[in-house]
Amino acid sequence: MLATMEEEREPTIVPIEDSLDLHAFAPRDVRSVVSEYLDQAAARGFREVRLIHGKGTGTQRAIVRSLLAVHPAVAEFFDGPPERGGWGATVVRLRA
C-alpha cells in the first residue's frame, strides 16, 4: 500500500520565539502552524508576538487573520508598524 502525501509529511519543529516567519510554510499548513504556535507562545508567557506573512497576494494574511479572529488566546491583532513589517506582518497581543 502506498502512503499518501499527508502520511509522509513529518511534523516541523518550530522554536517558540516572539515572531514566526510563515514564508517557509505552504498555505495549506499555515492555519495549523499558527494555531499551535499561538497556543505554545501563550503557554510560555508571551504577551505579544509577530506573524510575518508577507505582502504578496494577501492569501497568507487572510488565512492568518481569519484564525486570529477566533483563536481563544488572542486579545487583539493589527498590522505591524513600518519598522516591523508593516502590513506584511501582523502583531498579535495574547490574553494574560
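Colleague: Which helix holds Gln 60?

Modeller: The model is predicted, so local features need pLDDT of at least 70 and side-chain atom pairs count only at pLDDT 80 or more, while totals for chains, interfaces and linings use all residues. Residues are numbered from 1 along each chain as its sequence is written, and side-chain values use heavy atoms, leaving out hydrogens and water. Helices are DSSP runs of H or I with at least four residues, strands are runs of E with at least two, and both are numbered from the N terminus. Gln 60 falls within residues 59–68, which is helix H3.

Colleague: Is Gln 60 buried or exposed?

Modeller: Buried means under 20% relative accessible area, exposed over 50%, and partly exposed in between (1.4 Å probe, protein chains only). Gln 60 has a relative accessible area of 14%, so it is buried.

Colleague: Which residues are in contact with Gln 60, leaving aside neighbours within four places in sequence?

Modeller: Contact means heavy atoms within 4.5 Å. With those neighbours left aside, Gln 60 is in contact with Leu 22, Phe 25, Val 30 and His 53.

Colleague: In what order do the four strands of the open sheet lie?

Modeller: Two strands pair if DSSP finds at least two bridges between them. The pairing here is mixed. Strands S1 (19–21) and S3 (74–79) each pair on one side only, as edge strands. The order is S1-S2-S4-S3.

Colleague: At what angle does H3 run to S3?

Modeller: Axes are lines fitted to C-alpha atoms, for helices over the stretch in contact, and angles run from 0 to 180 degrees between N-to-C directions. H3 lies across S2, S3 and S4. Its angle to S3 is about 155°.

Colleague: Why is S4 largely enclosed by the rest of the structure?

Modeller: Five bridges join S2 to S4, running antiparallel. Five bridges also join S3 to S4, again antiparallel. S4 is largely enclosed because, of its six residues, the number buried is five.

Colleague: Which residue in S4 is the bridge partner of Arg 50?

Modeller: Ser 19 stands opposite Arg 50 in S2. In S4, the bridge partner of Arg 50 is Val 91.

Colleague: With which side chain does the side chain of Arg 65 make a polar contact?

Modeller: Arg 65 lies in helix H3 and counts as buried at 18% relative accessibility. A polar contact is a pair of N or O atoms within 3.5 Å; within protein, one must be able to donate a hydrogen and the other to accept it, and residues adjacent in sequence count only if both atoms are side-chain atoms. In S4, Thr 90 is the bridge partner of Asp 79. At 3.2 Å, the side chain of Arg 65 makes a polar contact with that of Thr 90.
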